[in-house]
Amino acid sequence: MTVAELINSSKETGFSFELLPPLKGNDIDRVFKNIDLLKEFNPLYINITSHRDEVVYKDLEKGLFERRVTRKRPGTVAVAASIQHKYGINVVPHIICSGFTKSETEYALIDLNFLGIHDVLLLRGDNSQTNRFFKPDEQGNDYAIDLIHQVNEQNQGKFLDGTLMDAFETPFSYGVAGYPEKHEEAPNMDSDLYWLKQKIDAGAEYIVTQMFFDNSKYFEFVDKCRAMDIKVPIVPGLKPITLKNQMNVLPKIFHVDIPEACAKEIRKCKDDVAVKQVGVEWCIQQAKELMDHKVPILHFYTMMATQSTRKVAEAIY
Ligand code: FAD
């Protein structure tokens, strides 16, 4: 079954989560340890993020720096394949425009096809840290919708260089991202939803939302999507807060608000142990309300929060 079929057929709210490939130099056991902590809650699928290269500056002597370009977290395709092989759980590697040429994307899709992985999440990808505004790779896709067109072409057996092949026996099925609090660059919510609708009309079968901490934002977003005739499942993304500094870091990076009721409890915490407790309780409260609204899946962002995600899962599943 594809992930879209799993989501559509789930009778009760299912469980899924996102993992990052290990930082360059670390081995995959770290990834497996996280899965081992969560697998008893029967994840329907596991997402694996994808990361562009970054510019880093190495300190040299006498105040000089050396500029280097590096990918700190390569390995998305390999990590996805090894998880599927070891655990037999559906995997959803992320495919991004940012930092990748169309050819590299084509080759990644060929690899995934050979590995028997046919679910992907198609995204534009994060900006490079050195550019204030998103700058697509000269040979790459500009927006997620362009990536969708590339995947659609490949699904029909057309390669970039015009070579034809037998269409993939199992075409790629894919989801896309949605933003209950609006994508940071969108001029307004309606414009953001216009582009989201283009992605759905082009073939995306489900939406996974950016994390949110206020369920009313998700419910309003779903209502707006439905009013735009976006009918696909909208999977809510949740993250248990684990550190006091995330009160500032999460809004800055992800452009999401933390409700005052939650912020107030975190302000009272003496240390991050106490913060973790508040984060878990807040997330359980969010999860329970979303389950009451019969959301198909709860999708957890587990970065630095695997133990907390486990506590939430213990309380709700
Ligand atoms: P798009 O859908 O391309 O939209 C980007 C912006 O452009 C929006 O403001 C949209 O309104 C607008 N827009 C869209 N199409 C057009 C068009 N044709 N013309 C003009 N404007 C347009 N980042 C990573 O680097 N790696 C990951 O693994 C990753 N995983 C993620 C998973 C989820 C569930 C989410 C929610 C985000 C993830 N991100 C990841 C972050 C994501 O890549 C960024 O938020 C990125 O800035 C936008 O991606 P998108 O696919 O939503 O972009």
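Helices are DSSP runs of H or I with at least four residues, strands are runs of E with at least two, and both are numbered from the N terminus. The model is predicted: local features need pLDDT of at least 70 and side-chain atom pairs count only at pLDDT 80 or more, while totals for chains, interfaces and linings use all residues. Residues are numbered from 1 along each chain as its sequence is written, and side-chain values use heavy atoms, leaving out hydrogens and water.

**View A. The shell around the ligand.** The ligand is surrounded by 24 residues (a heavy atom within 4 Å), and Ser50, His94, Tyr179, Asp192 and Lys199 are the closest. Elements that each supply at least two shell residues include strand E5 (90–96) and helix H5 (144–155).

View B. A ligand nitrogen lies 2.7 Å from a polar backbone atom of serine 50. For lysine 199, a side-chain N or O atom is 2.7 Å from an oxygen atom of the ligand.

**View C. Surroundings of isoleucine 35.** Ile35 is among the residues with the most contacts inside the largest nonpolar core, which has 62 residues. Such a core is a set of buried (under 20% relative accessible area, 1.4 Å probe, protein chains only) Ala, Val, Leu, Ile, Met, Phe, Trp, Tyr and Cys residues joined through side-chain atoms within 4.5 Å. Leaving aside residues up to four places away in sequence, isoleucine 35 touches Phe17, Leu19, Ile46, Ile83 and Tyr87 (heavy atoms within 4.5 Å).

How values were computed:
Polar contact = N/O pair within 3.5 Å; in protein donor to acceptor, adjacent residues only side chain to side chain. Buried < 20%, exposed > 50% of the residue type's maximum accessible area, 1.4 Å probe, protein only.
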